[in-house]
Every structure is written in C-alpha cells, then in structure tokens.
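The following questions and answers go through one structure, from the contact between its chains to single residues.

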Amino acid sequence: MNIHEYQGKALLKANGVPVLEGVHCTSVEAALDAYDTLGSKVVAVKSQIHAGGRGKGTLYNPTSREHVMDGGVKIAFSKDEVKTYATNILGNLLVTIQTGDDGKVVNNLYVEAGCDIAHEYYLALLVDRENKAVLIMASTEGGMDIEHVAETTPEKIHKITVDPNSGLLGYQKRDLGLALGLQGTSLKSFMKSLTSMYNMFVNNDCAMVEINPLVKTSDDQIIALDAKVSFDENAEFRHKSWDELRDLSEEEDVEIRAKETGLSYVKLDGNIGCLVNGAGLAMATMDVIKLYGGEPANFLDVGGGANEEQVKTAFSIILEDPNVKGILVNIFGGIMRCDIIARGVIAATEALSLDVPLVVRLAGTNVDEGKAILASSELNIHPADDLAEGAQRIVELIGGVA
Amino acid sequence: MAIWIEEDAKVLVQGITGKQGMFHADKMVEYGTNIVGGCTPGKGGQTVDLQGKPYPVWNSMFEAIEATDAHATVIYVPPPFAAEAIMEAADAFDSVKGEGVVVCITEGIPTLDMVKAVAFVENRPGVRLIGPNCPGIITPGDNGGAKIGIMPGHIHAKGRIGIVSKSGTLTYEAVAQTMSIDEGQSTCVGIGGDPVNGTGFIECLAAFQADPQTEAIVMIGEIGGNAEQEAAAWAAEHVTKPIVGFVAGATAPPGKRMGHAGAIISGGKGTAEEKFEAFAAAGIACAKDPSELGAVLLESLKAAGLR
C-alpha cells in the first residue's frame, strides 16, 4: 500500500527524522495561504500522486488532453508563481514515466519551504528477499534515477543488511555515513536520522522507505527532501491508522471491490477474461493465452476455497470490462471441488445473462461430476481438458489471434 | 527414501481445533498421513475427531513433541499468530530432539514477522521451515503416504519425480503432468509465494540430487526476486539429474502485485523472461506452457536414458 509524499513526511517527522515545513493543500487558495504561513521566499509546489518521476512529468487537461505544463514539481519564487503552478497542477492529469499514458489526476498538492542544499544523497530501506532481512541502501548520487546509478556506477551504491537478531548497529550506521563522505555534524545528524528511519520502518511494517534526495544543508543538517513510503498490506490488521492514509482515488475501484470479496484482481489491456484458482496458475493462464495469440484482460485469483457467490462476483467483475470478448475459466480443484465450481459457473452465467463465449477447463477434485454438470446445462459452455486446449479454444472463439 | 519427509512420518497439527486446521487434519488422515495429534494453546487435554477417531491436543509444542516424538508439524494458524507458531515449533523441535520439519500453510503473514521467524529458525540448524503461504509437502507412499498440507492427495502417486514450486495450484498442474506420462512423485514441495520464506529452491534441488528415489526434477517458479536465477546457476554446477522448468508471469505488468505478495516485478527485475533465460543457460529444459511439462519431462527422461 502506497501513501503520498506529504503523508510519508508526516510519518518521518513524527518519528524524529528532519523534514522541511510543508502544507498539504487541495485548492489553489489553500496553496496561497500555505505560502504565507511558511514565510519562505522560495517554496516547492509538488504534485501528490502515487508514482515516481513527477518532476519530469507533464500535465495535461484531463478532458481535452491539451498540454498544460511541463514538470509536476515546481520551485516558486513568488506568490504569483505559486498561484500559476497550483492552478496548472490541481485537477489536471500528470503523466510520468511510471503512470503510463493515462496518467493520474492530481487532487493533492504539497507546498514546502525551501532550503540551502550542499549535497543530495539517495537513501532507501526495504526488505531484501535474498538475505531475508532489512536492507539499507545509500548513494552519493541523490536526486537521480537509482536504477540508472545501479547500472552505470554500482560502486556508488553502498548497502548494509540488518541482522534481525541484533537490529541496526552503531558501526553499520557510521560505516554507511562515512561511505557517503559525511563527517562531523553531518555524520552525527545522518546516524540519528537513520536510527529513526529504521525504527519507523520496523514499527510501521513498511515495505519500502525511499528518500531521494536526502540532503545535506549548508549548515550540515541531514533532511529528507522527498519521501516514498509503502506499507506491507499483510500487516494491515495491526495498523488501524492506515485506513486514514489510504487514498482510494489512487487505486482501481474494481480492484478494491474484488479484494473486499476475497478475490485478487488486476486489470490488464487484453480482451480475454480469466477466472482461475491460485495466483501461480492464474499467471500461467494469462501466459498461455498470450502464447496462443490472445491477450488476457485480467489476472483473477478466486483463491483456494471460493464459493458460488464469489464465482458470481468474479464473473461480474470480469464483465465490467467492456473489452472482454470471451472468458476462460481454469480451475484445478484441490480443496475447491469442481462440481461446486461448475454450479457456480452456471448460476453466474444465468444470472448475468452472459453473452460472450465461455471456455471452462476443470481438473482435480470431483472433475467428472463437474464436467457432467456443465455438459447437462443448456448454456453455451465450451469444455476443455487442459490449459493449452482451453486457451486455444477461447482465442479461436473470439475470432482468432489478436 | 524421499526428501525430508518419509511416507510414515509422524505429524502434528498446530491450530488443530480451528476450522481450517480440523478440516485439513481430517483430509490428511484420510490420505493416510500419520497424524499423531495437535496443539492449540488453552485446549490441552481435549481430543479432536478425525475420520471417526480421537486425536490428542496439547497446550504447547514442547509437550506435544515430547509426548509423540513427532517428525514434523503443519501450521494452520491465522496470520497474526503464525510467525510465533513457527518459532514455538522450531524452539520445541530444537530443544526436544534437535531436529524437525515445520510446514506453514498460512497466507498473509506480515513480512517483517517472517524476517524474524526465518532468522529464529536459521539459528536452529536441525529445523527446516517450509513455507509460509504454500500448499505444503507431500511424499506419496505405497499405502497412502505423508500429505502435510492442503494439496489434493488423490492426484499423486509414489514415483521418481521430485517437484518444487512457488505456487499451489500450479504444483498440482505439474503433478498431473507427471501422471499424464505415467510417472509418480518422490516428494513435492511447495516453497510458497511470499518474499521471505524458509526452504528455497536450492535446498530442494540439493536434497533431490542426493535422494536415490528421485531421478528427475520439475521446478516451477514465478516472477519476482531472483531465487530462480540463483537456483539455476547452482543447478548447473551441482545437479546431474534432469530438470524441467516453468516460470509463471510472462504477461504480468511491472509494479503490480499478482496475488502472491512476492509476485511483483520491481525496477524491471524479476521478470519471467530473465528467469527462463537463466533456466535455459543452466541446461534446464523449459516448458512455455504448463500443459507441456509432461512432454518436456518425457523427452528429458529419454535423453537421460531413464525411459
């Protein structure tokens, strides 16, 4: 689960990590008030969306798609400039390298005081799958695309792995600071911030905290100038406060509804809807559709023990997508019995008066009963014995290779 | 022989009095698994009926292992308590007998809980953790066998193919594919789809390589991380038995979590393409479609003179 920069900074501040003064705004008027409140001659006017590359992004009018302004993060030197930038940003579509062409409408703005920057660094905390521990990554090359730094100058990225038995140790913080060339006051400030950030990461079940850039000011203080914070959704049960931080406008409405019914759904660009049990098999089903020339419209995992109602919801979610020209159901029954799935499929197709081709592949527990139920129905359901046959069949039925 | 779990292994069930635990414990007994009892704190002394017979419940894993000399435990405990259940089991196995297998089925355990639990288990070298968020491990036997998890037992048969997979239902698909060419399985291990888990691909490959019953291996990966690439490189050096592979998620868009918490392509890393390439480079025969796994396996067996 991602949160906005302004929320991430509030969290950092609450945990003792220095950030600049800033105000979250949702209107131009509020942005102008913020400029007065901050009393800083120079302020940054920053678009708040859940995607990176905002600074280099482009703003468009959401209806006409006319170009509005280059750059989703602007430095304003006067109140007039704040007005111009805030007007150009709020309500418009920001397209960045990470949003795709559709971009995202900017509803939130962060107006932040300026500071004198002596150097920009990169800092990130994340869970490292290989070492099965929290990894802290830092670089002197701040403000840049870190993937690019990793590719071109990997020696400029310094890493420490935190042993969960001991926690983050003093020498690790010192070594990392020294590797960044920090000393004296700035080294102390860095070590203090790092301790706070690590504690925040662990106490808040973060999945990632990325500060790019982390800056050293001209008076040797270390400040987080940006904040990209995401949480581990598995830990939601022990963080009631996440509800307030969640920006539902940043998430696909249909994906949220799917999650509420215990389904895992991700919308894609193709025209063949998929309904599968198990995440791995759901991915494999999409792959095989593509292999035989089709394009999957979605990823949908109904889970291990779906009931008739969930199958019905799954169908209705798939059919909300106007691109869907056919559906492939692929179930390998384990706990889930094929006869129950077959009944669910029939109930759903009848209730939703399905009018696109439907291919159903059943295997595993009670497969014969399941197949018999489908065969005895009046509905136009095409059976398949294996995944390849199912995928070929649905591609054929929607009019061949895309 | 098989790996880690013999067909008559004595198995405990943590969370045996819960809905999930009781349902699956019953299925395991039905399959022929040697269930010796279970553990639910506060319900010690009670019994649970499985397939019409009573099974004892203990308050703690220490008591349960001391009383039964169990080889393994399977965890059906809800996510908030699952990491602690893993650590309790690891501590008890280590203290009481110095070894044991802990299988965690639970899906949705916080990642940082698993970081702690995995470190805890790794400090007890005799204890092996399988999972979490996995179907479990099964060693089909001559008469029943040891099914420790949630997989449908009836699709399996004892044989000579070892299977290791990150995914649940895709493992069943692989099992069905071996059966389609009249091959059974030595042991099937679901290592789980979470970013931080216990046993990994390499440990499974090493065990299959050392197991005389296993003659060929099927390895199923998915997008995210680089465990598959590392395992392929390791296999190229250390595994002489034929390996057949598949990776799910070639069509997955970057940055989106595909069901499993670990199945996400980040920063262009962890793609299926990358993993298939690593498999091919290591001499692993790849199926581009799981329905072809049987055919590719048959070819590999023939090429190795095993058919």
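Q: How many residues of chain B are in contact with chain A?
A: This is a predicted model, in which local features need pLDDT of at least 70 and side-chain atom pairs count only at pLDDT 80 or more, while totals for chains, interfaces and linings use all residues. Residues are numbered from 1 along each chain as its sequence is written, and chains are lettered from A and ligands numbered from 1 in the order in which they are written. Two residues are in contact if their C-beta atoms, placed from the backbone, lie within 7 Å. On the chain A side 46 residues take part, and on the chain B side the number is 47.

Q: Which element gives the most to the side of chain B that touches chain A?
A: Helices (H or I, at least four residues) and strands (E, at least two) are DSSP runs, numbered from the N terminus. The elements giving two or more residues to this side are helix 3, helix 4 (111-122) and helix 5 (169-180) of chain B. With six residues, the most comes from helix 4 of chain B.

Q: Which strands stand at the edges of the seven-strand sheet of chain B?
A: The sheet is open and mixed, with strand order 3-4-2-1-5-6-7; two strands pair if DSSP finds at least two bridges between them.

Q: What angle does helix 3 of chain B make with strand 6 of chain B?
A: Axes are lines fitted to C-alpha atoms, for helices over the stretch in contact, and angles run from 0 to 180 degrees between N-to-C directions. Helix 3 of chain B packs on the sheet and touches strand 1, strand 5 (72-75), strand 6 (100-104) and strand 7 of chain B. Its direction and that of strand 6 of chain B make an angle of about 170 degrees.

Q: Which residue stands opposite A:Cys274 in strand 18 of chain A?
A: Five of the five residues of strand 16 (residues 272-276) of chain A are buried, so this strand is largely enclosed by the rest of the structure. Strand 16 and strand 18 (residues 326-333) of chain A pair in the parallel sense over five bridges. Opposite A:Cys274 stands A:Leu328.

Q: Is B:Asn133 buried or exposed?
A: B:Asn133 lies in the loop between strand 7 and strand 8 of chain B, and its phi is positive, near 55 degrees. In that loop is also B:Pro132, whose peptide bond from B:Gly131 is cis, with omega near 5 degrees. Because 28 other C-beta atoms lie within 10 Å, B:Asn133 counts as buried.

How values were computed. Buried ≥ 20, exposed ≤ 12 C-beta atoms within 10 Å, placed from the backbone.
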